[in-house]
Amino acid sequence: VRARVSWKGPRAMHPPLGKPHPRCEELVRALVACHENNPWLKFIGHCNTAKMAMDECFRLEKEERRKANLAKARAADAQWEA
């Protein structure tokens, strides 16, 4: 039995780009345009700068969502304890 290795580093796959990402919409469009305009160069890192900027934006977006969900959960817990 082989162990399944999962690596989530800086080059991990991004979330689906079809979902709404209001904060990162401009960066998503820039990456998609780069991929469309450079169908072969994208494989050797031509679009990496756009992808890294988009990944950072997604990271910040996720952190905001996580904080909001945590606050909502704590408020719900407080309601049950009161």
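This is a predicted model: local features need pLDDT of at least 70, side-chain atom pairs count only at pLDDT 80 or more; totals for chains, interfaces and linings use all residues.

User: OK, so lysine 51 and aspartate 55: buried or exposed?
Analyst: Lysine 51 is buried, and so is aspartate 55. Their side chains meet in a salt bridge, 2.7 Å from N to O. Both residues lie in helix 2, four residues apart, or about one turn of the helix.

User: How many salt bridges are there?
Analyst: The count comes to six. One of them joins arginine 23 and glutamate 64, with the closest N and O atoms 2.2 Å apart. Arginine 23 sits in the segment before helix 1 and glutamate 64 in helix 2, so this pair ties together parts that are 41 residues apart in sequence.

User: And how accessible is glutamate 64?
Analyst: Glutamate 64 has a relative accessible area of 45%, so it's partly exposed. Arginine 23 is partly exposed too, at 44%.

User: Switching topic: which residues make up the largest nonpolar core?
Analyst: Nine residues: Cys24, Val28, Leu31, Cys34, Cys47, Ala50, Met54, Cys57 and Phe58.

User: What does cysteine 57 touch?
Analyst: Leaving out residues up to four places away in sequence, cysteine 57 touches Arg23, Cys24 and Leu27.

User: Where's the nonpolar surface patch?
Analyst: Trp40, Leu41, Phe43 and Ile44 make a patch of about 560 Å². Isoleucine 44 lies in the loop between helix 1 and helix 2. With a relative accessible area of 70%, isoleucine 44 is exposed.

Terms used. Residues are numbered from 1 along each chain as its sequence is written. Side-chain values use heavy atoms; hydrogens and water are left out. A nonpolar core is a set of buried Ala, Val, Leu, Ile, Met, Phe, Trp, Tyr and Cys residues joined through side-chain atoms within 4.5 Å. Buried means under 20% relative accessible area, exposed over 50%, partly exposed in between (1.4 Å probe, protein chains only). Contact means heavy atoms within 4.5 Å. Patches are made of residues with over 30% relative accessible area and no salt bridge: like charges are joined within 9 Å, nonpolar side chains (Val, Leu, Ile, Met, Phe, Trp, Tyr) within 5 Å. Accessible areas come from the Shrake-Rupley method with a 1.4 Å probe; for residues, only the protein chains shown count as cover. A salt bridge is a side-chain nitrogen of Lys or Arg within 4 Å of a carboxyl oxygen of Asp or Glu. Helices (H or I, at least four residues) and strands (E, at least two) are DSSP runs, numbered from the N terminus.
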